[in-house]
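Look at the sequence and the model below.

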Amino acid sequence: MEGLQHGTTSFSQLPLPARCALEYLGCQSQGQRSLTALDKYIDHYFRVSALECDEPTRASCHRIAIQRFGVSG
C-alpha cells in the first residue's frame, strides 16, 4: 500500500488500534492533547491488541492528529 509507506494513510485505512488511539486523543481536553500522548495511546492499543505499530502508521497518526486537533510535540 503506497500511502502507508509515506505516512499518508487515511483514517479509515489505519489499523483498528491506531484509529482507537486517535479517537481517544480526541476525547482528551485540549491541554492534554500532544504527539507524545498520542504515541503512548498508540503503544498501548497496539500492545493490548498483540500487534506492533510500524513507523508509517505512526507517521499517519501524527499527521491526522496535527490536522484534526492542531497538536504538537
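A residue is called buried when its relative accessible area is under 20%, exposed when over 50%, and partly exposed in between, using a 1.4 Å probe and protein chains only. Helices are DSSP runs of H or I with at least four residues, numbered from the N terminus. This is a predicted model, in which local features need pLDDT of at least 70 and side-chain atom pairs count only at pLDDT 80 or more, while totals for chains, interfaces and linings use all residues. Residues are numbered from 1 along each chain as its sequence is written, and side-chain values use heavy atoms, without hydrogens and water.

Helix α3 covers residues 35-48. Its buried residues are Leu 35, Ala 37, Leu 38, Tyr 41, Ile 42 and Phe 46. Viewed down the axis of α3, these fall within an arc of 160 degrees (taken from the directions from the helix axis to the C-beta atoms), so they line one face of the helix. Lys 40, Arg 47 and Val 48, on the other side of α3, are exposed. Just after α3, Ala 50 has a positive phi of about 60 degrees.

What lies over the buried face? The cover of the buried residues of α3 includes α2 (16-27) and α4 (55-69). Leu 25 is in contact (heavy atoms within 4.5 Å) with residues including Ala 37, Leu 38, Tyr 41 and Ala 65.

A nonpolar core is a set of buried Ala, Val, Leu, Ile, Met, Phe, Trp, Tyr and Cys residues joined through side-chain atoms within 4.5 Å. The largest one here has 17 residues, and Leu 25, Leu 38 and Ile 42 are among those with the most contacts inside it. Helix α3 gives the most to this core, six residues.

Terms used: Helices (H or I, at least four residues) and strands (E, at least two) are DSSP runs, numbered from the N terminus. The expected span of a helix is 1.5 Å times one less than its number of residues. Lists of a residue's contacts leave out its neighbours within four places in sequence.
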